Amino acid sequence: MLSPERLALPDYEYLAQRHVLTYMEDAVCQLLENKEDISQYGIARFFTEYFNSVCQGTHILFREFSFIQATPHNRASFLRAFWRCFRTVGKNGDLLTMREYHCLLQLLCPDFPLELTQKAARIVLMDDAMDCLMSFSDFLFAFQIQFYYSEFLESVAAIYQDLLAGKNPNTVIVPTSSSGQHRQRPALGEASTLEGVEASLFYQCLENLCDRHKYSCPPPALVKEVLSNVQRLTFYGFLVALSKHHGINQALGALPDKGDLMHDPAMDEELERLLAQVPGLVNSATANPEAGCLPSRTPPRVGSPWRPLHHARKVDAESDGSTEETDESET
């Protein structure tokens, strides 16, 4: 049965909204790159497993940054993968620096840009030094806002700076679904000397921005809710409020509520199943209980079924080196 959303949209609009062409192009590129290996399984099976991985959100593992940020679904999938892979950091109560969190991100996306990690850390640390320690939950929810809404936040930062500088036209056209009338924006005047900007004026500017960023901004009603609670606010105060807003987290749908952040029974069960398949792991843990409590230095890396085989070979080559070290240390 088709969803109401699917019935309301023409085919081409629905396909564009779901970025189907992006995934078809990526699938074909992978097919051409690995046609010799895929030929033994069959093209039909390849496409089936590729789109199954897209639906499951595993298609973004170990992919290049340009791909993981290409669609909203890819971004949400990457956020979910980061949480599921490294939630034990929060579960153990560990505090990490910005650089350490960036290293974790690079384990899933080798070319993940440092600048995005720095911006996410700035939301948590505010005026503190960038080498200060952060909890996993604080960093994760700040990173979610910065990563998923990155283009929107760049525009918000520009608007905020313009308001601080007094660059605010007195008359602008702000198109909305309810009215196309002109709205008057009050001049900043002496208010710019105070900390931050006026929240109501800030929202008037963001309202039009939200209309232009339909697929990459928080729901306008929730943005209005955030700004209606204060009279004035700073740019990073706004980002902190977004990162801590329960409704925005639910609307994005990538992460659980903060209270459930450390609980993932499905992942725990899957990890136990995978660890049980590693030869000698159970025996070594039994022989040395203290070693069994330690995390593995080279945990199994499970990517999407077909992407990309030359990356897998590189990982295998690296893991061979680490295995030799382990063997030497054990002997």
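Tutor: Start with a working definition. Rings of Phe, Tyr and Trp count as a pair if their centres lie within 6.5 Å. Planes under 30 degrees apart make the pair stacked, and planes over 60 degrees apart make it edge-to-face. Keep in mind that this is a predicted model.

Now the cluster. Phe65, Phe78, Phe82, Phe86, Tyr101, Phe112, Phe136, Phe139, Phe143 and Phe147 form one aromatic cluster. Across the whole structure, a search finds 21 aromatic pairs.

Take an edge-to-face case, Tyr50 with Phe51. Tyr50 is buried, because its relative accessible area is 3%. Phe51 has 25%, so Phe51 counts as partly exposed.

Compare Tyr101 and Phe139. Here the ring centres are 4.3 Å apart and the planes lie at 10 degrees, so this pair is stacked. The pair links distant parts of the chain. Tyr101 sits in helix α8 (residues 98-108), Phe139 in helix α10, and 38 residues separate them. Both Tyr101 and Phe139 are buried. Both also belong to the aromatic cluster.

Next, the nonpolar core. In soluble globular proteins, nonpolar side chains tend to be buried together. The largest nonpolar core in this model has 76 residues. Phe78, Phe82, Phe112, Phe202 and Phe238 touch the most other members. Helix α10 (residues 136-148) supplies the largest share of this core, 9 residues.

Zoom in on Phe238. Set aside its neighbours within four places in sequence. Phe238 is then in contact with Val156, Phe202, Leu206, Val223, Val226, Leu227 and Leu233.

Tyr50 lies in helix α5 (residues 43-56). Tyr50 and Ala27 are 23 residues apart in sequence, yet their C-alpha atoms are 7.0 Å apart in space.

Finish at the surface. Leu21, Met24, Val28 and Leu32 form a nonpolar patch there. Together they have about 370 Å² of accessible area. Met24 is found in helix α3 (residues 20-33). Met24 counts as partly exposed because its relative accessibility is 34%.

How values were computed
Residues numbered from 1 in each chain as written. Predicted model: local features only at pLDDT ≥ 70, side-chain atom pairs only at ≥ 80, totals over all residues. Heavy atoms only, no water. Patch = residues over 30% accessible without salt bridge, like charges linked within 9 Å, V, L, I, M, F, W, Y side chains within 5 Å. Areas by Shrake-Rupley, 256 points an atom, 1.4 Å probe, with all protein chains shown as cover. Salt bridge = Lys/Arg side-chain N within 4 Å of Asp/Glu carboxyl O. Helix = DSSP H or I, 4+ residues; strand = E, 2+ residues; numbered from the N terminus. Buried < 20%, exposed > 50% of the residue type's maximum accessible area, 1.4 Å probe, protein only. Core = buried A, V, L, I, M, F, W, Y, C linked by side-chain atoms within 4.5 Å. Contact = heavy atoms within 4.5 Å. Phe/Tyr/Trp six-rings, centres within 6.5 Å; stacked < 30°, edge-to-face > 60°.
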